Amino acid sequence: MKTGTVITFVNQKGGVGKSTTVFITAIELIKKHYSVLVIDLDPQATLTGVCGDISNKITVRDWLNNDNLKVEELIQKTSLGFDIIPANPFMELTENELINTVGQYKILNEKIKEIKKNYNFILIDCRPTLGILTKSGLFASDFLVIPVKPEIASVMGVEVLINTLVQIEKYDNKEFNIAGILLTMVNSRTTSYKDIKDYLVSVFGKINTKIFDTSIRNSVKCSDSFGEGKTIDEKSAVGIDYKDFVEELLKVVL
Ligand SMILES: Nc1ncnc2c1ncn2[C@@H]1O[C@H](COP(=O)(O)OP(=O)(O)OP(=O)(O)O)[C@@H](O)[C@H]1O
Ligand SMILES: [Mg+2]
């Protein structure tokens, strides 16, 4: 089985379902017998927080700053079957610590190479800004997933994100591969959802960016599952949405 595929979940807009999607995708991949590592790149540490009793004293910040750190000290097991490199609020300091370092946001990519052989998939959860931590996640990616809520502000955010990708591509010799844009927290009965999906298809379809056929419904089952750090009810509508999304994602990334 192929190892080391890095999928980064990114949108500098906050609260669009990035962490929820990483969490449920990790569980779905585990159910399919893939080995998964999740990297929490967000100092808010939301994802780390729902993963149970994880000590989060050692984070990506230490990894980036310390060449002698052993990965065994960094990577922790969760009771959900995937491993995690946790986050904590001190990671905020990374944004300034690396500001004068040459190739600052390429370091994570180099470090990740050491552990790629140990996992089929490495899923990276980004914070809602486009600073060094997020750019590190972007640069380390093989594929990007962009979760968006069906609102105009979120859609405009995607355009800003894509401009950033174009800049990095231009100056840093990196080619991004967008697996797709994923609509989340959707109330499919509203016309705004349909209008926004059409708009996304018209704008991003033109630049060959896929919009996932599957959208994730707005459901309290989803926020409950994530909030409690539990597997989502497989038979619920949103559980089925996520299962379909992961199938679609695998078709792109495998
Ligand atoms: N499909 C959904 N239906 C209902 N609520 C959802 C759904 N997906 C996520 N939520 C809820 O929306 C909130 C934001 O989700 P989440 O934390 O995943 O977003 P995020 O993009 O990671 O946010 P941030 O940018 O702050 O990191 C959470 O309370 C989560 O439980
Ligand atoms: Mg988040």
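1. In this predicted model, 21 residues surround ligand 1. The closest are K18, S19, T20, P128 and S223. Two elements, α1 (18-31) and α10 (220-228), each give two or more residues to the shell. The largest share comes from α10, with four residues.

2. The largest nonpolar core holds 71 residues. Those that touch the most other members are A26, V36, V38, I122, L123, I124 and I146. Helix α1 gives the most to this core, six residues.

3. Neighbours within four places in sequence aside, I122 is in contact with G4, V6, L37, I39 and I112.

4. Helix α11 covers residues 237-253, 17 residues in total. At 1.5 Å a residue, α11 should span 24 Å. Its end C-alpha atoms are 24 Å apart, so expectation and model agree.

5. Which residues of α11 are buried? They are V238, G239, D241, Y242, F245, V246 and L249. Seen down the helix axis, these fall within an arc of 150 degrees, so they line one face of α11. The general rule behind such spacing: an α-helix has 3.6 residues a turn, so residues three or four places apart point the same way. On the other side of α11, A237, E247 and K251 are exposed.

6. What does the buried face of α11 pack against? Its buried residues pack against α1, β6 (143-148), β7 (178-183) and α10.

How values were computed. Residues are numbered from 1 along each chain as its sequence is written. Chains are lettered from A and ligands numbered from 1 in the order in which they are written. This is a predicted model: local features need pLDDT of at least 70, side-chain atom pairs count only at pLDDT 80 or more; totals for chains, interfaces and linings use all residues. A residue is near a molecule or strand if its C-beta atom, placed from the backbone, lies within 6 Å of it. A nonpolar core is a set of buried Ala, Val, Leu, Ile, Met, Phe, Trp, Tyr and Cys residues joined through C-beta atoms within 7 Å. A residue is buried if 20 or more other C-beta atoms lie within 10 Å of its own, exposed if 12 or fewer, and partly exposed in between; C-beta atoms are placed from the backbone. Two residues are in contact if their C-beta atoms, placed from the backbone, lie within 7 Å. The expected span of a helix is 1.5 Å times one less than its number of residues. The arc is that of the directions from the helix axis to the C-beta atoms.
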